[in-house]
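Here's a quick briefing to read with the model open on your screen.

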Amino acid sequence: MLKQQLQLKLAQKLSPQQIQLMKLVQLPTLAFEQRVKQELEENPALESGVEESSYEEDVFADEFDNSQEDYEDREIIEASDINVDEYLSDDEIPEYRLHTNNYSDDDADYDIPYKAEVSFHQSLLNQLNTFRLTDLQRDIAEFLVGSINDNGYIRRELTDITDDLAFTQNIYTDVETVEKVLRSVIFQLDPAGVGARNLQECLLIQLERKNHTLSVLTAIDILKNNFDLFSKKHYEKLTQKYSISEENLKKVIAEIERLNPKPGYSEEMRTEQIIPDFTIRENEGELELLLNGRNAPELHVSKDYIDLLETYKDSKNKSGQKEAVLFIKQKLDAARWFIDAVKQRQHTLYITMNAIMIRQKEYFLTGDETKLKPLILKDIAEMVDMDVSTISRVASSKYVNTPYGTKLIKEFFSEGIKNEVGEDISTHEVKDFLQTIIDGEDKKKPYPDDQLTLIMKEKGYPIARRTVAKYREQLGIPVARLRKELD
């Protein structure tokens with residue numbers, strides 16, 4: 001049975017200007033510069049550079065507002081049945097008002113361009129030209145190169161690769177042929193170890209290319225036949241099994257430690273230039289916060305477009321006026337919205353970073369990470385009277401240049417715990433102390449997590465064993481058994 005009913009509900013919708021502001025706030029400096037450049041190219045009513053003295057920004061705003069009112073009130077528009085005010089009505093919002101300034105609503109991120117260079121996989125394909133290969137071997141080799149991940153490994157089974165060659169490339173072969181190409185071609189590419197299917201194979205490929213000294217030969221044998229004992233650091237069993245001294249075993253381990261466990265990683269890395277959004281300086285015990293000038297471009301509304309609107313206001317030509325006026329006013333509105341959004345972005349960035357600087361003043365004065373206070377996004381949001389999501393956008397992608405290095409802003413946020421005297425301390429301080437304990441332990445008998453927990457409690461940090469394990473993992477420190485070393 002069909003029925004009709006009325007329902008009232010409250011809903012909040014973001015205006016295009018708010019969406020535009022949020023997108024600008026989250027952009028780092030380089031991406032913001034690209035965004036400004038794009039807007040300048042797309043909107044002829046927006047100009048950069050120092051504005052002429054006779055046309056200050058507030059004058060532009062007043063002149064533009066007055067020109068709209070005067071033009072909309074003229075009888076010539078009414079006589080032609082053209083109501084320019086329609087595009088500002090609440091009932092019919094024009095399409096351009098529903099878009100955020102000439103770019104898609106889905107475009108949240110703007111990629112920072114990198115310099116042109118040969119990619120990791122392309123460099124591997126180029127090396128194939130140094131081999132004498134049949135057409136079948138080359139096709140298989142190229143497919144294998146395409147199966148190598150960023151770390152330099154092939155993580156797929158050769159049977160699956162063989163099936164893919166048949167189904168996707170119409171190349172019919174067998175696993176034995178694929179493995180022969182893998183070993184005779186891919187394993188010979190640089191960097192050494194690329195194309196391996198696991199860590200053990202990766203290390204062995206690199207050792208095979210070294211001069212076969214006694215230490216290297218022993219290392220090869222250990223990795224081939226006793227990899228499990230080595231990976232678990234059962235050094236006493238290895239010395240007994242190979243009848244070698246601890247000193248000789250240390251030489252063998254040193255050979256293995258020089259190898260690269262991720263042969264593709266170093267090749268694939270891209271060096272991205274970091275441009276700090278803020279600079280904090282210390283001057284006679286006081287802190288000074290500066291916003292990067294590249295975040296504050298000189299933008300103003302085009303005088304020519306304002307004059308053009310005036311021309312249409314005085315024009316007696318009725319045909320085609322509505323479309324022209326709509327276009328001009330659209331561009332002028334978009335320019336003013338963008339300028340306002342840029343100014344609001346500058347204000348948001350500055351007051352947010354200023355609040356963080358005030359809260360973490362002791363750290364910025366001393367550089368001592370143990371001075372970092374517990375801080376969450378909500379704390380800063382309450383200080384500056386903004387939404388937590390806005391603070392998150394500022395903190396997640398912005399950098400600040402301090403006397404102690406360039407830091408990502410979100411590094412100044414951390415949870416807190418209470419010590420034995422009830423004082424709030426940052427997790428940074430707890431992690432630093434845990435790192436200090438582990439650095440000073442006897443590497444022949446490293447502390448297990450239970451013992452680390454007891455030591456932390458004795459020093460005034462009452463945290464649970466699972467918390468110790470979590471912080472240890474976040475610091476990239478392995479368990480006690482894997483921290484064990486020989487003398």
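The largest pocket in this predicted model has a volume of about 510 Å³. Its lining is made up of 18 residues, and F230, K233, Y235, I253 and E257 are the ones closest to the centre. The rest of the briefing is sorted by topic below.

**What lines the pocket**
- If you want to find the pocket by helix, look for α9 (199-208), α11 (227-231) and α13 (246-257), each of which gives at least two residues to the lining.
- Which helix gives the largest share of the lining? That's α13, with 5 residues.
- Sorted by class, the lining has 12 nonpolar residues, 5 charged ones and 1 polar one.

- Some background first: in soluble globular proteins, nonpolar side chains tend to get buried together.
- Here, the largest nonpolar core holds 26 residues, and L144, I161 and I186 have the most contacts inside it.
- Helices α5 (120-127), α6 (135-146), α7 (158-169), α8 (175-184) and α9 each put at least two residues into this core.
- The largest share of this core comes from α6, which supplies 5 residues.
- What does L144 touch, once you skip residues up to four places away in sequence? The list is I154, I161, V178, V181, L182 and I186.
- Apart from that core there's another one, with 24 residues, including F278, I280, M357 and I380.

**A buried arginine**
- R35 sits in helix α2 (residues 29-42).
- Is R35 buried or exposed? Its relative accessibility is 1%, so R35 counts as buried, because the cut-off for buried is under 20%.
- As for partners, the R35 side chain makes a polar contact with the side chain of E39, at 3.0 Å.

- For reference, most residues other than glycine have a negative phi, and most peptide bonds are trans.
- Between D190 and P191 the peptide bond is cis, with omega near 0°.
- You'll find P191 in the loop between α8 and α9.
- N170 isn't a glycine, yet it has a positive phi of about 60°.
- That residue, N170, belongs to the loop between α7 and α8.
- N170 counts as exposed because its relative accessibility is 58%, and exposed means over 50%.
- E284 is another non-glycine residue with a positive phi, in this case about 50°.
- Look for E284 in the loop that runs between strands β2 (278-283) and β3 (286-291).
- E284 has a relative accessible area of 77%, so it's exposed too.

**The whole protein**
- How many helices and strands are there? The protein has 23 helices and 8 strands.
- Out of 487 residues in the protein, 39% are buried.
- Take the contacts between residues at least 6 apart in sequence: 65% of them join residues at least 24 apart.

Definitions and conventions
Residues numbered from 1 in each chain as written. Predicted model: local features only at pLDDT ≥ 70, side-chain atom pairs only at ≥ 80, totals over all residues. Heavy atoms only, no water. 1 Å grid on protein atoms, 1.4 Å probe; cavity = no way out; pocket = protein on both sides within 12 Å on 5 of 7 lines; lining within 4 Å. Points joined across faces, edges and corners; volume = space filled by probe spheres on them. Helix = DSSP H or I, 4+ residues; strand = E, 2+ residues; numbered from the N terminus. Nonpolar A, V, L, I, M, F, W, Y, C, P; charged D, E, K, R; others polar. Core = buried A, V, L, I, M, F, W, Y, C linked by side-chain atoms within 4.5 Å. Buried < 20%, exposed > 50% of the residue type's maximum accessible area, 1.4 Å probe, protein only. Contact = heavy atoms within 4.5 Å. Polar contact = N/O pair within 3.5 Å; in protein donor to acceptor, adjacent residues only side chain to side chain.
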